[in-house]
Amino acid sequence: MQADITELKKKAAAHAVGLIASGMVVGLGHGSTAIHAVRFLAERLKSGEIKNVLCIPCSLQVEEEALQSGMPLTTFEKHPLMDITIDGADEVDIELNLIKGGGGALLREKIVAQASRRVVIVLDESKCSPFLGKQRHLPVEIVPFGWNTHVFFLESLGAKIRIRRNADKSLYHTDQGNLIADCNFNEILNPRELAAKIKTHAGVVEHGLFLDLATDVVIAGAGGVRHLKRDRPAPASRGDIE
Ligand code: 5RP
């Protein structure tokens, strides 16, 4: 079963990497599916099939992977706007909204997605749900200062909370040094309302609801690869600074 899921993740990632053309600035997502995309992209660059691609990774782990694969990196200072980002997700609903953050990189992932003209989400079909929250808890990144009060706040919105820990039971810290509260809201019937409420609390850095951000969702399943698309306004930009 695990092998099947890995194959499906690879199929979705390979399809998405086919959308990258020479000269593009590419956001590299975090997680096992996104890592397959990094490796496929590295192969396309090595073979000379595409050239002059520059990448911005969503996490320190992906940055390391990209450097090891010899991928040329750039920065937001040089390229505040990206052509395309390829990233995974934990759950997707019928409106192509997402829960992300299973790998803990939700803040950087959202920053990169908001700065990308095209956001291509790659996943296997087991992650499709009629409502977000049905399969996965919602990760919320919170600052360590006063974290108990942030937990009380999230509980007041109806969630059962688990603070994320490492395998050795120590607290898990994000690349920014923050904590993750994994929030069980059950089915989230009104994700927009919940997203707005969560953001009212000082100490909440970001949540894993990615609403209206994906432009493309590539779903690999037993019947093949489905590519769903949706229009989204382009991110605001003053243009790339060279
Ligand atoms: C990381 C994420 C990942 O994209 C998400 O957890 C999916 O991971 P995987 O591809 O390993 O199933 O949001 O913060």
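Helices here are DSSP runs of at least four residues, numbered from the N terminus. The model is predicted.

View 1. H30 takes part through its backbone: one of its N or O atoms lies 2.9 Å from an oxygen atom of the ligand. K100 uses its side chain, where an N or O atom is 3.0 Å from a ligand oxygen. For E109, a polar side-chain atom lies 3.1 Å from an oxygen atom of the ligand. Taken alone, the ligand exposes 380 Å², and the protein buries 90% of that.

**View 2. The largest pocket, where the ligand sits.** The ligand takes up the space of the largest pocket. The volume of this pocket is about 240 Å³. Its lining counts 16 residues, with G31, S32, D90, G103 and K127 closest to the centre. Helix 2 (residues 32-46) gives the largest share of the lining, three residues. Two lining residues are nonpolar, eight are polar and six are charged.

**View 3. The second largest pocket.** This pocket holds about 150 Å³ of space. Among the residues that line it are D93, I94, E95 and N97. P130, F131 and L132 also belong to the lining, as do I188, L189, N190, P191 and R192. Seven of the lining residues are nonpolar, two are polar and three are charged.

Definitions and conventions: Residues are numbered from 1 along each chain as its sequence is written. This is a predicted model: local features need pLDDT of at least 70, side-chain atom pairs count only at pLDDT 80 or more; totals for chains, interfaces and linings use all residues. Side-chain values use heavy atoms; hydrogens and water are left out. A polar contact is a pair of N or O atoms within 3.5 Å; within protein, one must be able to donate a hydrogen and the other to accept it, and residues adjacent in sequence count only if both atoms are side-chain atoms. Accessible areas come from the Shrake-Rupley method with a 1.4 Å probe; for residues, only the protein chains shown count as cover. On a 1 Å grid over the protein atoms alone, a cavity is a set of points where a 1.4 Å probe fits but cannot get out, and a pocket is an open set with protein on both sides within 12 Å along at least five of seven lines; lining residues have an atom within 4 Å of a point. A molecule sits in a cavity or pocket if more than half of its atoms lie within 2 Å of its grid points. Grid points are joined across faces, edges and corners, and a volume is the space filled by probe spheres set on the points. Helices (H or I, at least four residues) and strands (E, at least two) are DSSP runs, numbered from the N terminus. Ala, Val, Leu, Ile, Met, Phe, Trp, Tyr, Cys and Pro count as nonpolar, Asp, Glu, Lys and Arg as charged, and the others, Gly among them, as polar.
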